[in-house]
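Please open the model in a viewer and keep the selection panel at hand. The stops below are given in the order of the tour.

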Amino acid sequence: MPTPSPTRAVLLHAPPTPSPGAGDADPPSDDEAPDATPSDATPSDAERRPSLTLAERHRVTGGAVDEAITDRVHQYIRPVSIGLSLMYAAFVVIHLLVLSPPVSWIMSGLSAGAAAICSGIWLSWSRLPRTAPYPHVVGATIAAVVLMNVLTHLALTSDLQGTTHLMLMLLGASVLLLSSRWLAGVVIASLVGWGLIVWATGPYASIIHYTSSLLTTALLSVIIHVALRRATRESERRRLSAERLQSALSRALDAEAKARRQMEASNRALGTAVKEAEELNEMQAAFLSDMSHEIRTPLTSIIGFAEVLSEEDPPEPERFADLIRQSSERLMETVNSVLDLSKLKRGVAEFRPETTDVTSLLEDTLRLFRSRAESDGIDLCLDAPDEPVTAYLDPSSLNRITSNLVSNAVKFCSEDDVVTVRLAETPDRISIAVEDTGPGIRPEFRSRLFEPFHRDESLTRQGTGLGLTITRRLVEAMDGSIDVESVHGEGSTFVVTLPRTSNAE
């Protein structure tokens, strides 16, 4: 059998070409065997090659159809072997009853052998190879068993009526053997065997009649075989093509659904990015506006007080110099806060953890704000364990956290209010709570409490709007947490919880 031409490179799913001897599968026609793609094709060749349609990319080759036909023969073998094994088992008894010895013994023995062979094929069917040429060999073996029984019966009985069985066998072989090569072998063997027996046992008066009937049956068997093979090839081609197209369509639909999901996810991500960009632009605009205000206010004061001092004999020069100092300190505080916040956002802030006496640090913090609190009539106190509480963390960052919280509490409280700093400890954490009985926080302002430059405009005293933002960033950088509880008009409590061993560096 000529080797089929190579399939086109795009036929990724085509089954392999059957090996030689797998039956006389028809060679692929011109419309079945696409041209091979040269391995050294240049880009210009690829550009000139027309694009293939989905059906062309998944075209069913002749080799794939031959494999499908071989599988069909494999499916035929099981019911045929079952029927023949039962039929020859019955012939074992019938020959003994109908024929006379020794013909009955010979024919019963042959029938028993045929029944055993067919039964073996039936029982081992599931283990038989499904690839060519094995199913065709098994089919030809079954036909040979039947032919041997028919010709032996014809030779022993010298009765041309046995030719009828041979005719039936030829018709059955045309259905079972879908390989033209194997059918041709069976037909030739049948005709030659019949002819030799007739020549050896003749003459017969009706020889011409049986010869023409046998040749006609052989021709009819070939016609049935050709028609059935062509119909089977076309049926298998369409089935394989439909399966491949369905598989390709399924993959295409899956790819389209995946692409659609990815596009939807990209659109959502893009929408989120656009929203975040708009929010960032608004924050930048607000930041520039707030920074301009925070810097312009102390600068205006400094310039005004400096102009007063530049006059001859200015009144109260010491007071104006002190006001210039306070405005400069406020300006410096704003600039330092912005720089600290920028470092925290970029993750470049430095932390130097060490064993720290937290109790002593809180006492120093309260001492720093005590004079201011007493001047405003505010009671400032510390509630801490009798034994010193220590932790391994950055004392500078902890001092900044507690200073911001105590400063805010003192700033927004008024006369007769109380600010209490409570220190508690567990084996692995410390907790610092700053409580005050001041004005509290309005509920609508709670959600933006830790955002930069957001201040409650209803309060008479204002800060830079960066203290709580920096505090939260420092606490989170030290693997801690900050919580706030507040009742408007009754006071607020800020609770900072930190691990006793900080990993911040």
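This is a predicted model: local features need pLDDT of at least 70, side-chain atom pairs count only at pLDDT 80 or more; totals for chains, interfaces and linings use all residues.

Residues are numbered from 1 along each chain as its sequence is written, and side-chain values use heavy atoms, with hydrogens and water left out.

**Helix α7**

Select residues 180–201, which form helix α7. Helices (DSSP runs of H or I, at least four residues) and strands (runs of E, at least two) are numbered from the N terminus. The expected span of a helix is 1.5 Å times one less than its number of residues.

Next, colour the buried residues of α7: Leu183, Val186, Val187, Ser190, Gly193, Trp194, Ile197 and Val198. These residues lie on the same side of α7, because they cover an arc of only 140 degrees around the axis; the arc is that of the directions from the helix axis to the C-beta atoms. Buried means under 20% relative accessible area, exposed over 50%, and partly exposed in between (1.4 Å probe, protein chains only). Turn to the other side of α7 to find Ile188, Leu196, Trp199 and Ala200 exposed.

**The second largest pocket**

Now select Met87, Tyr88, Val146, Val150 and His165, the closest to the centre of the second largest pocket among its 24 lining residues. A pocket is an open set of points on a 1 Å grid over the protein atoms alone, where a 1.4 Å probe fits, with protein on both sides within 12 Å along at least five of seven lines; lining residues have an atom within 4 Å of a point. The volume of this pocket is about 550 Å³, counted as the space filled by probe spheres set on the points.

Select cysteine 118, which is buried at a relative accessible area of 1%, and then cysteine 413, buried at 2%.

Move to helix α13 (residues 467–477), where the buried residues include Leu468, Ile470 and Leu474. Aspartate 479, which follows α13, has a positive phi, near 65 degrees.

Finish at glutamate 354 in strand β1 (residues 354–357). Glutamate 354 is partly exposed, with a relative accessible area of 43%, and its C-alpha atom is separated by 7.3 Å from that of proline 395, 41 residues apart along the chain.
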